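Please look over the sequence and the model below. The paragraphs that follow lead through the chain as a whole and then through selected residues.

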Amino acid sequence: MIRVLLVHEESLLRSVLAEWLRREPGLDVDDTPWWGAAARIRSLCPDVCAADLDCSDGHGVPPLGDLCPSGTGGPPALVVLAHASRPGLLKRAAEAGALGFVDKAGSPDRLVRAIRSVASRERFIDASLGFGFLKAAQMPLTRRELSVLSLAAAGASIAEIAGSLHLSHGTVRNYMASITRKTGARNRIDAIRISRGEGWV
């Protein structure tokens with residue numbers, strides 16, 4: 001039996017998808033919104049965690065570290081549901097150690113295949129996400145810069161970004177300067193515009 005934790009912020013969609021997965025033989029499925037994911041992983045010790053990257057903390061920064069806790073039992077294998085048009089999220093998930101990447105525009109059967117593959121610690125990547133991975137590889141921003149930029153794009157101030165990421169105000173300003181330079185932008189607003197156009201945030 002493969003123990004699966006489904007992480008999705010939208011209650012209706014999460015319930016429907018979880019019920020659909022429960023009909024599959026050999027899957028024991030539980031579900032939770034993002035805010036409860038870390039606690040549920042500690043209590044359930046799932047084999048696989050399947051998470052929707054577009055539904056996170058309201059700022060567009062998935063707290064993927066919560067899904068990969070350190071511990072004696074080891075973290076669950078991570079499957080993410082994503083769009084090729086969001087290479088920034090794909091890059092974050094890859095850096096967090098995700099083994100499965102399922103295109104949200106594809107068939108739900110692909111999610112089942114991904115769950116079974118990563119439960120055996122085998123990688124699963126939808127071919128339709130290839131373009132997104134190509135753009136992610138070409139992205140000039142680091143994971144931390146993406147986090148800063150995503151919060152800025154959501155309207156957070158320098159102080160709010162600093163508080164959320166546990167950084168000093170000066171460090172956040174340095175990150176924003178680096179982001180502006182790397183994206184070829186004129187200023188912070190222009191950097192957000194360019195990055196949204198590329199699907200990075």
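Is Leu99 buried or exposed? With a relative accessibility of 16%, Leu99 counts as buried, where buried means under 20% relative accessible area, exposed means over 50%, and partly exposed covers the range in between (1.4 Å probe, protein chains only). The model is a predicted one, in which local features need pLDDT of at least 70 and side-chain atom pairs count only at pLDDT 80 or more, while totals for chains, interfaces and linings use all residues. Residues are numbered from 1 along each chain as its sequence is written, and side-chain values use heavy atoms, with hydrogens and water left out.

The surroundings of Leu99 can be given in more detail. Leu99 sits in the loop that joins helix 3 (87-95) to strand 5 (100-103); helices (H or I, at least four residues) and strands (E, at least two) are DSSP runs, numbered from the N terminus. Apart from neighbours within four places in sequence, the residues in contact with Leu99 are Ala77, Leu78, Val118, Arg121, Glu122, Arg123 and Phe124, contact meaning heavy atoms within 4.5 Å. Val80 is 19 residues from Leu99 in sequence, and their C-alpha atoms are 8.4 Å apart.

The chain as a whole comes next. The protein chain has nine helices and six strands. A compact globule of 201 residues would have a radius of gyration near 17 Å, and the protein chain agrees with this because its own value is 17 Å; the radius is taken over C-alpha atoms, and the globule rule is 2.2 Å times the number of residues to the power 0.38. Along the principal axes, the C-alpha atoms fill a box of roughly 55 × 35 × 30 Å. The domain assignment divides the chain into domain 1 (2-136) and domain 2 (143-197), with bounds that come from an automatic or database domain assignment. Between the C-alpha centres of domain 1 and domain 2 there are 26 Å.

Of the 201 residues in the protein chain, 49% are buried. Among contacts with a separation of 6 or more, 65% are between residues 24 or more positions apart. The accessible surface comes to about 9,600 Å², and carbon and sulfur atoms hold 53% of this surface; the areas come from the Shrake-Rupley method with a 1.4 Å probe, and for residues only the protein chains shown count as cover. The chain has 25 positive and 21 negative charges, and their mean positions are 7 Å apart. Lys and Arg count as positive and Asp and Glu as negative, whereas His and the chain ends are not counted; each charge is placed at NZ of Lys, CZ of Arg, CG of Asp or CD of Glu.

Arg22 belongs to helix 1 (residues 11-22) and, at a relative accessible area of 35%, is partly exposed. Not counting residues up to four places away in sequence, Arg22 touches Val29, Asp30 and Asp31. Val4 is 18 residues from Arg22 in sequence and 9.6 Å away, C-alpha to C-alpha. Thr32 lies in strand 2 (residues 27-32) and is buried, its relative accessible area being 2%. Beyond the neighbours within four places in sequence, Thr32 is in contact with Leu5, Leu6, Val7, His8, Arg14, Ala37 and Arg40.

Which backbone angle has a positive value at Cys45, a residue other than glycine? The angle is phi, near 50°. Cys45 is in the loop between helix 2 (37-44) and strand 3 (48-52), and a relative accessible area of 46% makes Cys45 partly exposed. Arg121 also has a positive phi, near 60°. The loop that holds Arg121 runs between helix 4 (108-119) and strand 6 (124-125), and Arg121 counts as partly exposed at 49% relative accessibility.

Ile125 lies in strand 6 and is partly exposed, with 39% relative accessible area. Its contacts, leaving out residues up to four places away in sequence, are Phe101 and Phe133. Asp28 and Ile125 are 97 residues apart in sequence, with 23 Å between their C-alpha atoms.

His169 is found in helix 8 (residues 169-183) and is partly exposed at 39% relative accessible area. Setting aside neighbours within four places in sequence, His169 is in contact with Ile158, Ala159 and Ala162. Ile158 is eleven residues from His169 in sequence, at a C-alpha to C-alpha distance of 6.3 Å.
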